[in-house]
Amino acid sequence: MSAPIKETSAIPAQRGVDKVPAHTGDKRDEGVVLNVFSHGFLALWALLIVLPLLWLVLSAFKTDAQIGGSAFGWPQHWSLDVFGRAWDKGIGDYFLNTVIVLVFSVPLTMLLGSMAAYVLARYRFWGNRLLYYFFVAGAMFPVFLALVPLFFMVKRLDMLNTYQGLVLVYVAYSLPFTVFFMHAFFRTLPSAVFEAAVLDGASHSRTFFQVMLPMAKPGLLSVGIFNMLGQWNQFILPTVLMQPQSGDDPERYVLTQGLIQLQQQQGYATDLPVLFAGVTIAMIPMLVVYLSFQRQVQAGLTSATLK
Amino acid sequence: MRKGQYRFVAGFLLVPVALYLIFVIWPYVQTFGYSLTDWKGQSQNFSFVGLDNYKALLKDDIFTGAIWHNILFLVFIPVITILLALFFAFMLNAGGRSRAGGVKGVAGSRFYKVVYFFPQVLSLAILAVLFGAVYRSDNGGMLNGILIKLGLVDAGSPVEWLNEPNIVLWALIAVVVWHGVGFYLVLFSAAMQSIPRDIYEAALIDGAGRAQSFFRITLPLLWDAVQTAWVYLGIAAMDMFILVSTMTSGDYGGGPDHHSEVMATVMMRNFLYYGKSGYACAMGVVMLLLTLIVSVVMLRATRRERIEF
């Protein structure tokens with residue numbers, strides 16, 4: 001079952017508890033030197049990852065003067081005010097905009113993607129292969145190639161700077177990978193269950209929604225997380241599609257776009273703590289998703305490249 | 001039954017295929033057409049100009065300069081990222097030696113994997129703000145702060161990481177590497193897990209050291225994954241839009257004085273800022289062609305005989 005997921009997701013679980021400290025039984029000098037060296041290097045890289053992030057979060061608690069004055073030094077008083085200020089200064093709106101878009105786009109991506117993948121994986125009809133390659137090929141081209149006409153397409157549909165426009169575009173651009181992955185997944189599901197359902201008189205769509213889709217849950221979870229992260233972090237599409245179209249058109253920036261906007265507005269002059277607090281707010285959901293679904297995230301993201 | 005089946009298949013495919021056609025395939029196709037026109041975007045009136053846009057591109061110093069920057073990224077980003085990721089993956093999976101003489105990862109490898117991978121889930125926009133602060137050009141920047149503390153940089157004249165023509169590209173490369181190593185580490189780890197332990201243990205009995213078991217066993221058996229990584233990093237190096245446009249100076253980045261310009265930033269500036277849609281489409285086509293060439297060349301160059309195990 002579930003070949004692509006199983007293979008990758010087995011890794012972290014398998015490495016684990018019964019670790020023997022690596023250097024204990026090593027008698028050779030070369031080993032000891034290498035161990036010190038490699039542990040040192042591993043720890044150094046871990047610090048390189050963690051320190052800038054912690055430093056940025058810490059900086060959110062400082063004052064502007066402190067941030068400009070020296071890279072080091074502790075905040076004078078720990079107060080969560082700055083997060084409230086960041087929220088009011090736009091981060092709250094950006095956050096909500098992103099959530100509104102994703103609440104629709106991720107489930108819709110999963111639904112439409114699995115529907116197409118299921119039909120392509122399980123039914124024989126003329127043009128099946130062609131359609132499959134047609135979907136997968138979309139993942140190969142750089143987004144930039146489509147950007148200019150896409151802008152005018154969305155404009156013609158009168159959906160520039162609207163939630164529904166961005167939702168539809170997100171769904172469309174997430175389809176290639178979703179179809180590709182779910183196609184592989186549906187192929188591995190046992191056909192006995194499918195046949196039993198059909199024999200019991202279930203209709204095609206009932207078989208899909210009540211039998212096959214629940215069986216595909218692990219795959220849906222991995223791809224769903226992948227799409228969620230991808231769409232949450234998307235920057236290019238909203239930059240092009242979510243600009244206010246006229247004076248009275250309200251800003252509907254998503255979080256990534258809003259952060260950059262905030263950064264460019266203030267340059268290095270004014271309220272940097274607010275910017276850093278905004279980044280912290282934007283990081284928290286990703287951190288939570290990552291830590292709670294760590295295995296699926298790694299499996300989902302890496303299986304995108306391992307075909 | 002059969003008839004119902006076709007209706008079902010068509011019903012399930014209708015919406016996804018329609019969305020995909022309208023928002024993905026059709027714009028891709030249109031780009032080629034528009035790249036042959038002098039379309040300015042706002043008006044619907046434009047005329048066919050043949051290959052004029054492409055000819056103008058070749059004379060556009062900013063764009064050709066940008067291509068060279070992409071090539072620099074193309075050379076260094078994959079090499080540095082893959083080497084680091086391979087090294088860490090090997091350490092985490094086969095670097096340790098257990099009491100019984102077996103081969104396993106070093107202590108804490110699970111923890112390291114979780115930490116190293118984390119940057120991958122962060123948006124590039126967040127990275128832009130984060131490294132904007134790290135590279136800040138005074139004592140308040142993390143990097144300058146540390147270097148000044150260590151006495152390596154004079155406090156009076158800190159390094160302007162993102163405003164120094166000779167440094168800016170390297171500063172950007174560092175960000176990409178920081179972001180990518182964990183991802184490729186996990187990718188390589190997955191591949192390493194599938195290498196049977198017995199092979200390592202046999203090599204260990206034969207007296208192979210860590211370096212030997214890496215070069216003689218791990219690397220050859222990992223070649224497919226390395227190749228995949230190479231192609232993906234190559235494609236990423238051809239893009240670079242988000243980091244360059246948000247971290248460097250100028251409209252849509254590229255500063256100082258076009259020293260960090262990449263193809264995508266030039267294209268976006270021409271499209272969104274100057275409104276030269278047809279010209280921007282031609283750049284998009286050039287980007288596609290170069291990216292395809294890069295993928296094919298990289299696949300070719302790294303092709304080896306596949307080792308079955």
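In chain A, residues 272-293 form a span that is 95% helix and 0% strand, with 32 Å between its end C-alpha atoms; helices (H or I, at least four residues) and strands (E, at least two) are DSSP runs, numbered from the N terminus. The model is predicted, so local features need pLDDT of at least 70 and side-chain atom pairs count only at pLDDT 80 or more, while totals for chains, interfaces and linings use all residues. Residues are numbered from 1 along each chain as its sequence is written, and chains are lettered from A and ligands numbered from 1 in the order in which they are written.

**Exercise 1.** Find which residues of chain A and of chain B UniProt annotates as "transmembrane region", and describe some of these spans.

*Solution.* Begin with chain A, where the unreviewed UniProt entry gives this annotation to residues 36-58, 94-118, 130-154, 166-186 and 272-293; such annotations, given in the numbering used here with shortened feature names, may be inferred rather than shown by experiment. Among them, residues 130-154 of chain A are 76% helix and 0% strand, and their end C-alpha atoms lie 27 Å apart. For chain B, the unreviewed UniProt entry places the feature at residues 7-29, 67-93, 114-135, 167-187, 221-244 and 277-299. Of these, residues 167-187 of chain B are 95% helix and 0% strand, with end C-alpha atoms 30 Å apart, and residues 277-299 of chain B are 100% helix and 0% strand, with end C-alpha atoms 33 Å apart.

**Exercise 2.** Work out how many residues each chain brings to the contact between chain A and chain B, and what classes they belong to in chain A.

*Solution.* Chain A supplies 83 residues and chain B 87 residues, where two residues are in contact if their C-beta atoms, placed from the backbone, lie within 7 Å. On the side of chain A that touches chain B, the largest share, 15 residues, comes from helix α2 (residues 29-59) of chain A. By class, this side of chain A has 56 nonpolar, 22 polar and 5 charged residues; Ala, Val, Leu, Ile, Met, Phe, Trp, Tyr, Cys and Pro count as nonpolar, Asp, Glu, Lys and Arg as charged, and the others, Gly among them, as polar.

**Exercise 3.** Determine how helix α6 (residues 144-156) of chain A is placed against α13(B).

*Solution.* The two axes come within 7 Å and cross at roughly 155°, axes being lines fitted to C-alpha atoms, for helices over the stretch in contact, with angles from 0 to 180 degrees between N-to-C directions. α6(A) is therefore roughly antiparallel to α13(B), since angles under 35 degrees count as roughly parallel, over 145 as roughly antiparallel, 65 to 115 as roughly perpendicular and the rest as oblique. From α6(A), Phe144(A), Leu145(A), Leu147(A) and Val148(A) take part, and from α13(B), Ser277(B), Ala280(B), Cys281(B), Gly284(B), Met287(B) and Leu288(B). Sorted by class, this contact has 8 nonpolar, 2 polar and no charged residues.

**Exercise 4.** Describe how helix α10 (residues 223-239) of chain B and helix α13 (residues 277-301) of chain B pack.

*Solution.* Their axes come within 9 Å and cross at roughly 160°, and α10(B) and α13(B) are therefore roughly antiparallel to each other. On the α10(B) side the contact includes Trp230(B) and Ile235(B), and on the α13(B) side it includes Met287(B) and Val294(B). The classes in this contact are 9 nonpolar, 4 polar and no charged residues.

**Exercise 5.** Identify the residues through which α13(A) meets α5(B).

*Solution.* Helix α13 (residues 272-292) of chain A packs against helix α5 (residues 124-134) of chain B at an angle of about 145°, with axes 10 Å apart. Leu275(A), Val279(A), Ala282(A) and Met283(A) of α13(A) meet Ile126(B), Val129(B) and Leu130(B) of α5(B). This contact holds 7 nonpolar, no polar and no charged residues.
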